[in-house]
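Here is a friendly walk through one protein model, meant to be read with the viewer open. We begin with a pair of helices and then turn to the sheet and the cores.

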Amino acid sequence: MGHLVLIASVRYPAQCSGCGSELECVGVQALVGQSLEWDIGYHCSGCGDAVYECGPGEGSVPDDLRRRLLAEHGEARLILSDPLAGPVLVMKVLRAELGGDLAQTKRTFQQIRAGMFAGTMPEMTLLVDRLRAAGVEAEVECPQQPDEAPSGQPAAEIEVRTVRRA
């Protein structure tokens, strides 16, 4: 059976740590099934230096990659489809997924109610999936689409595909 994969990627210039040449990095955050993952990579045509970093995305996405993804793709917002959704159930899911104490979870819930809780598209999609699994109707709203990236910057990509994973 295939898994749904949601991929948000960004290309950006960087300087090679080996020779100082300018090169292009590619950063990705992906929702694979029910798991967030990330990677960053480049290959320098000047000296042959190559870097590839990857990891699970739950809280460990490098800040620089996350900032770049948000800048290129815009913030995805978590919206509760049912404005009367029970706070106890929502907060239970939030606490399980995001951690934190009860006061922090309550603040997050209030941000969601106000339409102010945002993150990357893969992050918010995973949280919406977890809320739906608990019986809470929710959706992701992303006002900026990839083709609306600021002019002069590389186009960002968000794609959804189904893949087979062994």
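An axis here is a line fitted to C-alpha atoms, for helices over the stretch in contact, and angles run from 0 to 180 degrees between N-to-C directions. Helices (H or I, at least four residues) and strands (E, at least two) are DSSP runs, numbered from the N terminus. Please keep in mind that this is a predicted model: local features need pLDDT of at least 70, side-chain atom pairs count only at pLDDT 80 or more, and totals for chains, interfaces and linings use all residues. Residues are numbered from 1 along each chain as its sequence is written, and side-chain values use heavy atoms, with hydrogens and water left out.

**The helix pair**

The axes of H2 and H3 come within 9 Å and cross at roughly 115 degrees. Which residues of H2 and H3 make the contact (heavy atoms within 4.5 Å)? The table gives them.

| Helix | Residues in the contact |
|---|---|
| H2 | Pro 87, Val 90, Met 91, Leu 94, Arg 95, Leu 98 |
| H3 | Leu 102, Thr 105, Lys 106, Thr 108, Phe 109, Ile 112, Arg 113 |

These residues divide into 8 nonpolar, 2 polar and 3 charged.

Take a look at Thr 108, found in helix H3. Is Thr 108 buried or exposed? Thr 108 counts as buried because its relative accessibility is 11%, where buried means under 20% relative accessible area, exposed over 50% and partly exposed in between (1.4 Å probe, protein chains only). Not counting residues up to four places away in sequence, Thr 108 touches Leu 94, Leu 98 and Phe 117.

**The sheet**

Three strands form an open sheet in the order S6-S5-S7, with antiparallel pairing; two strands pair if DSSP finds at least two bridges between them. Strand S6 (118-119) and strand S7 (138-141) are the edge strands, each pairing on one side only. Strand S5 (residues 76-80) is joined to S6 by 2 bridges, and Arg 77 stands opposite Ala 118 in S6.

**The cores**

A nonpolar core is a set of buried Ala, Val, Leu, Ile, Met, Phe, Trp, Tyr and Cys residues joined through side-chain atoms within 4.5 Å. The largest has 23 residues, and Leu 78, Leu 80, Val 90 and Leu 131 have the most contacts inside it. Two or more residues each come from S5, helix H2 (87-98), helix H3 (102-113) and helix H4 (121-133). H4 gives the most, with 6 residues. A second, separate core of 13 residues includes Val 10, Leu 23, Trp 38 and Leu 65.

Technical notes:
Contact = heavy atoms within 4.5 Å. Nonpolar A, V, L, I, M, F, W, Y, C, P; charged D, E, K, R; others polar.
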